[in-house]
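Hello, and thanks for taking a look at this one with me. Below are some notes to read alongside the coordinates.

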Amino acid sequence: MSVEGVDHYTILTDDIAATRRFYCDLLGLSEGWRPHFDFPGAWLYAGGRPIVHVIEGRKIPGRTTGAVDHLAFRNSGDPDEFSRRLTHDGIENEMRTVVGTRIRQVFCRDPNGVKIELNYANAEAEGLRPELLASSLA
């Protein structure tokens, strides 16, 4: 047996509407099919796969993500425009460029306090080798 990749991650929330808005309206995920569990929630999809599972009503006061620092997504589009959109929506964010690459990053927090990293890469950028791009986003 060997790990083949990340399947999904689960967020506990006491505000599913704000969580949906963040992941669907801002990040561009879409809500899709979810098994008929006996608790409220949502499955949010990217590329036809449910990568974010949301469970409502199980938020534990004071709970953090523990040793997990952040979750990262590969993105397309304009990172500057996305940063402006976050700011317009009242979401603090920080932009960075990965040293030695043209990978631009936007960091912010979702409505539940989870730190999110959004990577914008251009494999066509001068001097950036595709294998370097793949390993730097892994």
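1. Burial and surface. Of the protein's 138 residues, 37% count as buried, where buried means under 20% relative accessible area, exposed means over 50%, and partly exposed lies in between (1.4 Å probe, protein chains only). The protein exposes about 8800 Å², and carbon and sulfur atoms supply 51% of that area. Accessible areas come from the Shrake-Rupley method with a 1.4 Å probe, and for residues only the protein chains shown count as cover.

2. What you are looking at. This is a predicted model, in which local features need pLDDT of at least 70 and side-chain atom pairs count only at pLDDT 80 or more, while totals for chains, interfaces and linings use all residues. Residues are numbered from 1 along each chain as its sequence is written, and side-chain values use heavy atoms, with hydrogens and water left out.

3. Overall layout. The secondary structure comes to 3 helices and 8 strands; helices (H or I, at least four residues) and strands (E, at least two) are DSSP runs numbered from the N terminus. Along the sequence, the pattern reads β-α-β-β-β-β-α-β-β-β-α. Among contacts in the protein with a separation of 6 or more, 48% come from residues 24 or more positions apart, a contact being heavy atoms within 4.5 Å.

4. In what order do the 4 strands of the open sheet run? The order is 5-8-7-6, with mixed pairing; two strands pair if DSSP finds at least two bridges between them. At the edges are strand 5 (71-75) and strand 6 (93-97), each of which pairs on one side only. Neighbouring strands of this sheet are turned by 20° against each other on average, direction ignored. For that angle, axes are lines fitted to C-alpha atoms (for helices, over the stretch in contact), and angles run from 0 to 180 degrees between N-to-C directions.

5. One pairing in detail. Strands of a sheet pair through backbone hydrogen bonds, either parallel or antiparallel. Here, strand 5 and strand 8 (residues 115-120) pair in the parallel sense over 5 bridges. If you want a specific place to look, Ala72 has Glu117 in strand 8 as its bridge partner.

6. The structure holds 5 salt bridges, each defined as a side-chain nitrogen of Lys or Arg within 4 Å of a carboxyl oxygen of Asp or Glu. One of them joins the side chains of Arg20 and Glu31 at 2.8 Å, N to O. Arg20 lies in helix 1 (residues 16-26) and Glu31 in strand 2 (residues 30-32), so this pair ties together parts that are 11 residues apart in sequence. Arg20 is partly exposed at 28% relative accessible area, and Glu31 is also partly exposed, at 42%.

7. Helix 2. Glu81 and Arg84 meet in a salt bridge through their side chains (3.1 Å, N to O). Both lie in helix 2 (residues 79-88), 3 residues apart, or about one turn of the helix. Glu81 is partly exposed at 43% relative accessibility, as is Arg84 at 48%. Ser83 has its place in helix 2 too, but this serine is buried, with a relative accessible area of 11%. Leaving aside neighbours within four places in sequence, Ser83 is in contact with Asn93 and Met95.

8. One more charged pair. The side chains of Glu94 and Arg96 form a salt bridge at 3.0 Å, N to O. Glu94 is partly exposed at 39% relative accessibility, and Arg96 is partly exposed at 38%.
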